[in-house]
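Thanks for coming. I will take a few minutes on one model and keep to the packing and the chain contact.

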Amino acid sequence: MHKKNKRNILKEITEQIVISFFFVSIIILIIHFVFIDKINNYINIVNMISIEEKDITYPEVKFDNVSKRLKDYPLWGKEFATLDIPSINVNLPVFQGDTLDIMRYGIGHYSGSLFPGEGGTIILAGHNDRGFLYHLPEIKVGDKITINAVYGTFTYEVESTRVIDAKDNDAFPFYKDKEVLMIYTCYPVNTIGHKTHRFLVYAKKVGESYEK
Amino acid sequence: MKKVFAALFVLVLFLGVVNVKAMTESELKTKMTNGYVVDGKAVKPSDYQVSEIERYLNKYEVSEADCTFIAEKMDEIYELAKADRAKSFTELSSANKSKVVSIVAEISSKTSVKASLTNDGVLTIFESDGKTVFTKITDKDIAKQTGVNYYVLAFAGFVSVFGVAYIAKKAFNA
């Protein structure tokens, strides 16, 4: 009799746990599909505000018009620009470095590539979540991209897009004589598991101003 | 007079040797970009890695003494790589990986170039304060992992389906 009671209690508890788990899962799914855009926007705003409070300006980062190079460089993990792509509603901070830690807060700049205005390859990367570069695959040839750096503003026009293998380093040619902006994110979006491909955008520079 | 000549001769020889050994920033850069040869094939840093080196040398002045020391240590690293016929850090034997890590630590402690290397091949170069990261260089691919895995969502979906089935079964039995 006592054993039977114990078994019933255990069964009850197990049922309660399963039902609770079920409801938690439903809640997670609802949050994801209904509120994720709002949550991501909120997180981005909080990140931008908290970064602004730390230090957003780097007076030492100036552009040398003679050598066409930066006089100093943004510190690792620090914001030095914003990336603006109006056609897909992207307006995100750009940080020096492209580690996972850095890209939690916005767009990462591959430190081996050159900086906007230096006349070479610029590589930017961002996560494919909503609120980051989720809509990058919807970008069209001819769309405008603006980088507002602390030392100037640079405008680019999308020339082409490609889906590449993640290990295809040749898809990122190193130019020193022409400025090409390359932006990528994991592809496809909205699939489960490790992504083996990247959606890559190539854009040429069409405008610049250094009057900051 | 003969002794003075002899002393001068030795001094000139000594200075000559020093001049031959002393290395400038640009020579050090050339040495780095030339890399080394394994199985008749040159192993060189990528254009992007060279760009990192250039950026560092644009920002910081490295003395000839430091350049010379680094060049010597690079020769040691190249010899270890050749011995293992390694074309990248990851291809080194564990023992030689540890030796290279120690060599980088030695460069960091004895010169103005502050750096560290981990056993998985992440070379961190620091600003002059020795703490703030200047850059991180790896042999990994240019494209990083920028995807969302959605594992949590997949799990949540599975549990939801399982939960619906469980409750439906209970209702049916009742």
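Predicted model: local features only at pLDDT ≥ 70, side-chain atom pairs only at ≥ 80, totals over all residues.

Residues are numbered from 1 along each chain as its sequence is written, and chains are lettered from A and ligands numbered from 1 in the order in which they are written.

The largest nonpolar core has 52 residues. By nonpolar core I mean a set of buried Ala, Val, Leu, Ile, Met, Phe, Trp, Tyr and Cys residues joined through C-beta atoms within 7 Å; buried means 20 or more other C-beta atoms within 10 Å of the residue's own, with C-beta atoms placed from the backbone. Among the members touching the most others are A:Leu83, A:Ile123 and A:Met182. Strand E9 of chain A (180-187) is one of the contributing elements, and E9(A) gives the largest share, seven residues. Strands here are DSSP runs of E, at least two residues, and helices are runs of H or I, at least four, numbered from the N terminus.

A second, separate core of 12 residues includes B:Phe89 and B:Leu92. Chain B itself has six helices and five strands, and of its 174 residues, 16% count as buried.

Now the contact, which takes 42 residues from chain A and 33 residues from chain B; two residues are in contact if their C-beta atoms, placed from the backbone, lie within 7 Å. On the chain A side, H1(A) supplies the largest share, eight residues.
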